[in-house]
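Have the viewer open as you read.

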Amino acid sequence: DQKLFAGLLIKCVVQLELIQTIDNIVFYPATSKKEDAEHMAAAQIRSQSKSRRRKYYPDRKSLLFTSGGFKGKSKPNLLKQETSSLACCLRILFRMYVDENRRDSWDAIQRRLLSVCSEALAYFITVSSESHREAWTNLLLLLLTKTLKISDEKV
């Protein structure tokens with residue numbers, strides 16, 4: 001079990017590193033971080049008034065951590081993988097969708113973008129953990145902000 005767990009943990013860490021590397025190659029690291037900071041600032045303004053009423057809901061990952069035999073001081077950061085990979089995917093698709101050099105692929109890109117956004121929103125509405133929903137705040141802001149920035153001619 002220890003060997004299996006160690007292997008899974010290594011795969012989780014490597015996968016997160018790959019996601020971050022792709023994001024850094026396609027976009028400068030400062031670009032993604034700046035964009036995330038802008039979205040988070042907008043979200044914090046909204047959440048400050050809501051935070052007084054909020055109750056803590058246990059994260060399902062904590063249940064997995066305690067019942068699944070995970071050992072060590074930290075839980076595998078699967079939520080970070082989930083949000084980082086989707087953010088990277090959305091950034092790439094939105095960039096491709098407005099890239100004039102990809103004009104001949106815009107229809108296919110649009111279909112893929114709509115599919116990813118639909119799946120993401122459908123998944124988000126099923127999430128019941130408040131901490132999990134909060135982790136998605138930046139993703140939703142990215143999705144909505146990028147959508148609003150698309151010119152009216154493209155819609």
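Among contacts between residues at least 6 apart in sequence, 66% join residues at least 24 apart. Keep in mind that this is a predicted model. Of the 155 residues, 29% count as buried. The chain exposes about 11000 Å², and carbon and sulfur atoms supply 59% of that area.

Helix 1 covers residues 2–26 and helix 4 covers residues 78–98. How are these two helices oriented to each other? Their axes sit 10 Å apart at an angle of about 25°. Angles under 35 degrees count as roughly parallel, and helix 1 and helix 4 are therefore roughly parallel to each other. Their crossing is left-handed.

Here's who meets whom across that contact:

| Helix | Residues in the contact |
|---|---|
| Helix 1 (residues 2–26) | Cys12, Gln15, Leu16, Ile19, Gln20, Ile22, Asp23, Val26 |
| Helix 4 (residues 78–98) | Leu78, Lys80, Gln81, Ser84, Ser85, Cys88, Arg91, Ile92, Arg95 |

Sorted by class, the contact of helix 1 with helix 4 has 8 nonpolar, 5 polar and 4 charged residues. Among the residues of this contact are Leu16 and Ile19 from helix 1, along with Cys88 and Ile92 from helix 4. Asp23 in helix 1 takes part too, as do Arg91 and Arg95 in helix 4.

Definitions and conventions:
Residues numbered from 1 in each chain as written. Predicted model: local features only at pLDDT ≥ 70, side-chain atom pairs only at ≥ 80, totals over all residues. Heavy atoms only, no water. Buried < 20%, exposed > 50% of the residue type's maximum accessible area, 1.4 Å probe, protein only. Contact = heavy atoms within 4.5 Å. Areas by Shrake-Rupley, 256 points an atom, 1.4 Å probe, with all protein chains shown as cover. Axes fitted to C-alpha atoms, helices over the stretch in contact; angles between N-to-C directions. Helix = DSSP H or I, 4+ residues; strand = E, 2+ residues; numbered from the N terminus. Parallel < 35°, antiparallel > 145°, perpendicular 65-115°, else oblique. Left-handed = near helix turned anticlockwise from the far one by under 90°. Nonpolar A, V, L, I, M, F, W, Y, C, P; charged D, E, K, R; others polar.
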